[in-house]
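Subject: Structure handover and findings

Hello,

Please find the structure below. My notes on it follow.

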Amino acid sequence: MGKTKERRDGGKLLSAKLHDALRANDEARRAAVMAGAVEPDFVPVAKFFSPVGSATWLATELGEDGDTLFGLADLGFGCPELGSFSLSELASVRLPFGLGIERDLGFVSEVPLSGWTGAARRAGSIITAEQNFRRAARGEELPKPQG
């Protein structure tokens with residue numbers, strides 16, 4: 001099956017380069033499992049978000065079906081979760097004002113998914129975790145947890 005048929009979002013959310021990087025991570029994880037090695041803790045490759053809300057997804061892998069992404073999903077309810085989500089479903093979401101889910105074109109991270117997961121769960125969202133990572137990189141003090 002060619003790449004064009006594998007990509008169920010019509011190329012809107014994933015560039016060919018990101019598609020290939022996400023697939024490579026999936027293949028590396030599968031190889032590690034087959035070899036009985038520890039699964040890699042990948043750095044997220046892509047970030048998707050709702051332009052009219054706080055829903056955010058970080059993706060590290062893309063399955064063989066070309067649709068199933070794995071990563072950290074945060075629907076904005078204060079409990080980010082690791083798991084799988086569908087690229088075609090993200091691409092099909094219709095939001096107010098004719099908007100849809102978008103990819104953060106400037107997203108770059110050096111933090112592995114486990115770091116994002118812990119930080120997002122402590123902060124209650126991927127967005128707040130990202131803000132905290134930026135503050136820490138600038139040497140600023142992080143806000144104290146409430147409660």
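What share of the residues of the protein chain count as buried? Of its 147 residues, 39% do, where buried means under 20% relative accessible area, exposed means over 50% and partly exposed lies in between (1.4 Å probe, protein chains only).

Two notes on reading the values. The model is predicted, and local features need pLDDT of at least 70, side-chain atom pairs count only at pLDDT 80 or more, and totals for chains, interfaces and linings use all residues. Residues are numbered from 1 along each chain as its sequence is written, and side-chain values use heavy atoms, with hydrogens and water left out.

Overall layout

The protein chain has 5 helices and 5 strands; these are DSSP runs numbered from the N terminus, with helices being H or I of at least four residues and strands E of at least two. Along the sequence the pattern is α-α-β-β-β-β-α-β-α-α. Among contacts in the protein chain with a separation of 6 or more, 49% come from residues 24 or more positions apart; contact means heavy atoms within 4.5 Å.

The 5 strands form an open sheet in the order 4-3-2-1-5, with antiparallel pairing. Two strands are taken to pair if DSSP finds at least two bridges between them. Strand 4 and strand 5 (102-103) are at the edges with a single partner strand each, so one side of each has no neighbour in the sheet.

Strand 2 and strand 3 run antiparallel and are joined by 6 bridges; T56 stands opposite D74 in strand 3. Strand 3 also pairs with strand 4 (residues 81-86) in the antiparallel sense, over 6 bridges, and L72 has L82 of strand 4 as its bridge partner. The hairpin of strand 3 and strand 4 has 6 residues between the strands, and G76 there takes a positive phi near 95 degrees.

F70 belongs to strand 3 (residues 68-74) and is partly exposed, with a relative accessible area of 28%. Its C-alpha atom is separated by 5.6 Å from that of A59, 11 residues apart along the chain. Beyond its neighbours within four places in sequence, F70 is in contact with residues including A59, L82, F85 and L113.

The nonpolar cores

A nonpolar core here is a set of buried Ala, Val, Leu, Ile, Met, Phe, Trp, Tyr and Cys residues joined through side-chain atoms within 4.5 Å. Which members of the largest nonpolar core touch the most other members? Of its 18 residues, they are L14, L22, F48, W57, L69, F85 and L90. Helix 2 (16-35), strand 1 (46-49), strand 2 (56-62), strand 3 and helix 3 (87-92) each supply at least two residues of this core, and strand 2 gives the most to this core, with 3 residues. A second, separate core has 9 residues, among them L113, A119, A120 and A129.

Not counting residues up to four places away in sequence, F85 touches residues that include W57, L69, F70, L72 and L90.

The buried residues of helix 4 (residues 113-123) are L113, W116, T117, A119 and A120. Their cover includes strand 2, strand 3, strand 4 and helix 5. Just after helix 4, G124 takes a positive phi of about 90 degrees.

The second largest pocket has a volume of about 250 Å³. Of the 13 residues that line this pocket, V108, S109, W116, F133 and R134 are the closest to its centre. Helix 5 (residues 126-137) gives the most to the lining, with 5 residues. By class, the lining has 7 nonpolar, 2 polar and 4 charged residues; Asp, Glu, Lys and Arg count as charged, Ala, Val, Leu, Ile, Met, Phe, Trp, Tyr, Cys and Pro as nonpolar, and the others, Gly among them, as polar.

On the terms: a pocket is an open set of points on a 1 Å grid over the protein atoms alone, where a 1.4 Å probe fits, with protein on both sides within 12 Å along at least five of seven lines, and lining residues have an atom within 4 Å of a point. Grid points are joined across faces, edges and corners, and the volume is the space filled by probe spheres set on the points.

Two single residues

F97 is found in the loop between helix 3 and strand 5. Its phi is near 65 degrees, a positive value in a residue other than glycine, and F97 is exposed, with a relative accessible area of 78%.

D20 lies in helix 2 and counts as partly exposed at 34% relative accessibility. The C-alpha atoms of D20 and L62 are separated by 8.7 Å, with the two residues 42 apart along the chain.

Regards
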